Amino acid sequence: MSERDKMIAGELYDPGDPQLCEDRATAQRLMTLYNQTNVTNGPERGDLLARMFGSVGASPAIRAPLYLDYGYNIHLGDNVFFNYGCVILDVCPVRIGDRCQIGPGVQIYAADHPHDPAIRDQGLECGKPVTIGRNVWIGGQAIILPGVTIGDDAIIGAGAVVTRDVPAGKTALGNPARIK
């Protein structure tokens, strides 16, 4: 199994693997081009999004700057909106459903590190997938941690740190986020 396959599967992997380094460099080049465009939508941006992400639904509106690790693990539904300055660390799949609205500065982390210091000392990393359902609203500066699933129609308050799953239709606020 390649280091890339291990990474995507959420297993321990070596981030210094040459293929992963090249994948990140490719993502950086595409992200830099995207962040230098000066339009909200349009064919130029659409082409870059299609090259950056694993899949992109219809009519995305993603404001630059956008920051990501690999891009190919990010899957967007239709009519997804990202405001300025979002970060997606996509070492594992990050799935974002139709009609999600993501506020400015939101950070979505599929990337993690081993909790055992001996394994961490070996330079290995890991991750857990993140799934965001349909019609979710995530307020500005919220942080979504590895392994979290947010159900359809949920609301995540601005500045929330989401450490656990949020059921469909619920609102989560605070640090750590609690269901309201």
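User: What makes the 47 residues a nonpolar core, and which of them touch the most other members?

Analyst: A nonpolar core is a set of buried Ala, Val, Leu, Ile, Met, Phe, Trp, Tyr and Cys residues joined through side-chain atoms within 4.5 Å. Buried means under 20% relative accessible area (1.4 Å probe, protein chains only). The largest such set has 47 residues; Phe82, Ile108, Ile138, Ile150 and Ile156 touch the most other members. Helix 2 gives the most to this core, five residues. Helices here are DSSP runs of H or I, at least four residues; strands are E runs of at least two, both numbered from the N terminus. This is a predicted model: local features need pLDDT of at least 70, side-chain atom pairs pLDDT 80 or more, while totals for chains, interfaces and linings use all residues. Numbering starts at 1 along each chain as its sequence is written, and side-chain values use heavy atoms, without hydrogens and water.

User: How do you know what isoleucine 156 is in contact with?

Analyst: Contact means heavy atoms within 4.5 Å. Neighbours within four places in sequence are left aside. Among the partners of isoleucine 156 are Trp137, Ile138, Ile150, Val162 and Ala172.

User: Why does the radius of gyration of the protein agree with a compact globule?

Analyst: The rule is 2.2 Å times the number of residues to the power 0.38, and the radius is taken over C-alpha atoms. For 180 residues it predicts near 16 Å; the protein has 16 Å, so the two agree. The C-alpha trace spans about 40 × 40 × 20 Å along its principal axes.

User: How much of the protein is called buried?

Analyst: Buried residues make up 44% of the 180.

Conventions:
Buried < 20%, exposed > 50% of the residue type's maximum accessible area, 1.4 Å probe, protein only.
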